[in-house]
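Here is a short briefing to read alongside the model. Keep the 3D view open and follow along, topic by topic.

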Amino acid sequence: MSGNKSLAKSDAWSNAEAERYYGLKQWGGGHFSIDENGYLLAHPRGDGSVIRIQDIVNEALEKGHKLPLTIRIQDLLRTRVVRLNELFNQAINEENYAARYRGVFPIKVNQLREVVEEIQDAGSPYNFGFECGSKPELLIALAMHKDPQALLICNGYKDDDFIRMALSGRRMGKPVFLVVEQLSEVSRIIQLSKETGVQPLMGLRIKLTTAGEGKWASSSGENAKFGLTSPEVMDAARRLKRAGLTDCLQLIHFHIGSQVPNIQTIKKATIEATRFYCELCNLGFPMSLIDVGGGLGVDYDGSRSNFESSMNYTLREYTRDVVYNIKSICTEAGVAVPDIISESGRAIVAPHSILVTEVCDRISKTSVVPRVAKPTKRKPVIQDLQEILDNSHQSGPLERYHDAQQKIEEANNLFNLGYLPLKDKADADALYWAICRELVPKETSSAYSPDELEALPQVMAEQYVCNFSVFQSLIDHWACDQLFPIAPLQRLNEKPTVEAVLVDITCDSEGKISKFTDVEDVRHSIRLHPMDAKEPYYLGVFLVGAYQDIMGDLHNLFGRVDEVHVFLEDGEEDGFYIEDSIQGFSIKDVLGFTQYDGHLLTRMLKKQIDRATKANQIKPREGTSILDEYTQLLEGSTYLTKSSDRSAKKRRKT
Ligand SMILES: *Cc1c(COP(=O)(O)O)cnc(C)c1O
């Protein structure tokens, strides 16, 4: 392993600087740091136990996995479950709150069995339950649920099959709550309860007037597609009484959208929902639960602000505010406090998962060195650009920039009109880029620089080509501008000198990352290390465990990536072991999703090869080897594989 490279003085760079630049301390919640050799470390429990992330990558590669790779750090998942529960319990103790916390995990945020099992296991001392929002999720929840104290909350639109299955869960003694999202569901539930003779447990989702805030704000407010308005709540209450089901209604639910950046929104929503709770108590319903939904944020950029990729509160503040506000409203109304449910998905699962990709190429404007032709042979426009580069006229930076822009436009026009040959256009472009490179404001300079020059690093940024698909692995980045922290897994003790943006390997210009987290602002490029032909350069994209896992699409037919599940283990050499690994989609798999059958395609190709062989276009031996290659590729990865991998495989085969 490389590592301790001797560094020139001007390149001096400390781990502390790397931690600051990549924001590890800000977004990492104490789970990430750098070791003395510049490798990124994970601290799954936030204590002394550490895993070097590159060791996981290496072991996964040894096991035959390919990049891109999803790493799940199972102990980090457990840590988050425990922390949420402990902090709620702590807040309840501090407030002398006379009821308990009974959280549930919303399955839609990450349905993967290993994730759901780990959360259930870590949550079992707290009777942690499940929330489901569709029939498939209900089927997962019913089968997995085993603790009679753990709640099972059903949200989302429900048809008769959904309701019937939930009632069957009741019959099995499970605390399954049907949360009414639409008034029409009330009559359906009443009807099916009569038919089956099962008493349901019910909740009402309230359409709060407190509007959400952040990207997913439209989940709430009067125009949201979910929940009951106050007249509908009254209507539902009357219908239930009339049907003799007064005892069934016990829960009030709200959900104001995911990633709520501002704690004030959460406080207001909690107060409003608690008011509904108290009023329903006074109407004679045996109310006993308030469900505050999801929305608990993740501080993706570490700025602790109400910016949409951040949150202006801590987990501790959240739990205390929820408990305090419910208590104070209930106390005022003279109503006993309810058990508190939260459905925090993102905050539990986002941190445990890391996407690792390898930089496989670069697209650079800056590596071109302009040719220096003899002055007598230069075209005037080239001569002018050369003078701007040499700064022969001693102009200021902005003036040089404007002059260079004028000249490059002139050169482009001349080329388009046929007056400038390609070799001169190449010189003009190279000179222009060299000028821009010089004009990029120095990071060390504190002097003010005009906007046009401030934009230069972004214009001049190199493109690092990374082996992954934004549409598969980071769909929220593309679809909703969600920012994720990104950092190299190695060489963090070395000063990063290249301003870069990341592009993926899809044939889609949107397949890129050109916005990066920063404590102060959004960055439009990220500083990375120059590529080194000898050592692979791995990048980690962090906090990707929520939603991204399942929402990725098959754009360009890249599919699910390989995945390993990592557990801490004191006895093991590197402090961890890989328990499960999941193969990503093969080319054959993704073709299957679009109705192509691998065998059929192979047969179609074989027919053509036979024909070509008969016609003496190719030799029989060549034909067989083309077919072999084709069938091998069908079984292989959709992502880029290294030529070294392929020849190694061939060698093993022969
Ligand atoms: C999506 C969803 C959640 C999870 O929200 P997070 O912000 O990820 O915690 C919880 N409850 C309901 C009803 C949801 O739709």
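Asp 574 sits in the loop between strand 20 (562-568) and strand 21 (576-582); helices (H or I, at least four residues) and strands (E, at least two) are DSSP runs, numbered from the N terminus. This is a predicted model, in which local features need pLDDT of at least 70 and side-chain atom pairs count only at pLDDT 80 or more, while totals for chains, interfaces and linings use all residues. Residues are numbered from 1 along each chain as its sequence is written, and side-chain values use heavy atoms, with hydrogens and water left out.

**The negative patch**

- Asp 574 is partly exposed, with a relative accessible area of 31%; buried means under 20% relative accessible area, exposed over 50%, and partly exposed in between (1.4 Å probe, protein chains only).
- Together with Glu 569, Asp 570, Glu 572 and Glu 573, Asp 574 forms a negative surface patch.
- Patches are made of residues with over 30% relative accessible area and no salt bridge, with like charges joined within 9 Å; Asp and Glu count as negative, and the place of a charge is CG of Asp or CD of Glu.

**Salt bridges**

- The structure holds 33 salt bridges, each a side-chain nitrogen of Lys or Arg within 4 Å of a carboxyl oxygen of Asp or Glu.
- One of them joins Glu 563 and Arg 560 at 3.1 Å, N to O. Glu 563 is buried at 1% relative accessible area, whereas Arg 560 is partly exposed at 23%.
- Arg 164 and Asp 161 meet at 3.6 Å, N to O. Both lie in helix 7 (residues 160-171), three residues apart, about one turn of the helix. Arg 164 is partly exposed at 34%, and Asp 161 is partly exposed at 46%.
- Asp 55 and Arg 52 form a salt bridge at 3.7 Å, N to O. Asp 55 is buried at 12%, and Arg 52 is buried at 18%.
- Asp 35 joins Arg 52 and Asp 55 in a network of salt bridges.

- Three strands make an open sheet in the order 1-2-3, with antiparallel pairing. Strand 1 (32-34) and strand 3 (51-52) stand at the edges, each with a single partner strand, so one side of each is left without a neighbour in the sheet.
- Strand 1 and strand 2 (residues 40-42) are joined by three bridges; two strands pair if DSSP finds at least two bridges between them. Phe 32 has Ala 42 in strand 2 as its bridge partner.
- Strand 5 (residues 104-106) pairs with strand 6 in the parallel sense over three bridges, and Pro 106 stands opposite Glu 131 in strand 6.
- In a regular strand the side chains alternate between the two faces of the sheet. From strand 6 (residues 129-132), Gly 129 and Glu 131 point one way and Phe 130 and Cys 132 the other way, and all are buried.

**Backbone spots to look at**

- Most residues other than glycine have a negative phi, and most peptide bonds are trans.
- Leu 67 and Pro 68 are joined by a cis peptide bond, with omega about -5°. Pro 68 lies in the loop between helix 3 (53-62) and strand 4 (69-73).
- Asn 96, although not a glycine, has a positive phi of about 50°. Asn 96 lies in the loop between helix 4 (74-94) and strand 5 and is exposed at 64% relative accessible area.
- Leu 557 has a positive phi of about 60°. Leu 557 is in the loop between helix 20 (548-551) and strand 20 and is partly exposed at 28%.

Key. Patches are made of residues with over 30% relative accessible area and no salt bridge: like charges are joined within 9 Å, nonpolar side chains (Val, Leu, Ile, Met, Phe, Trp, Tyr) within 5 Å. Accessible areas come from the Shrake-Rupley method with a 1.4 Å probe; for residues, only the protein chains shown count as cover.
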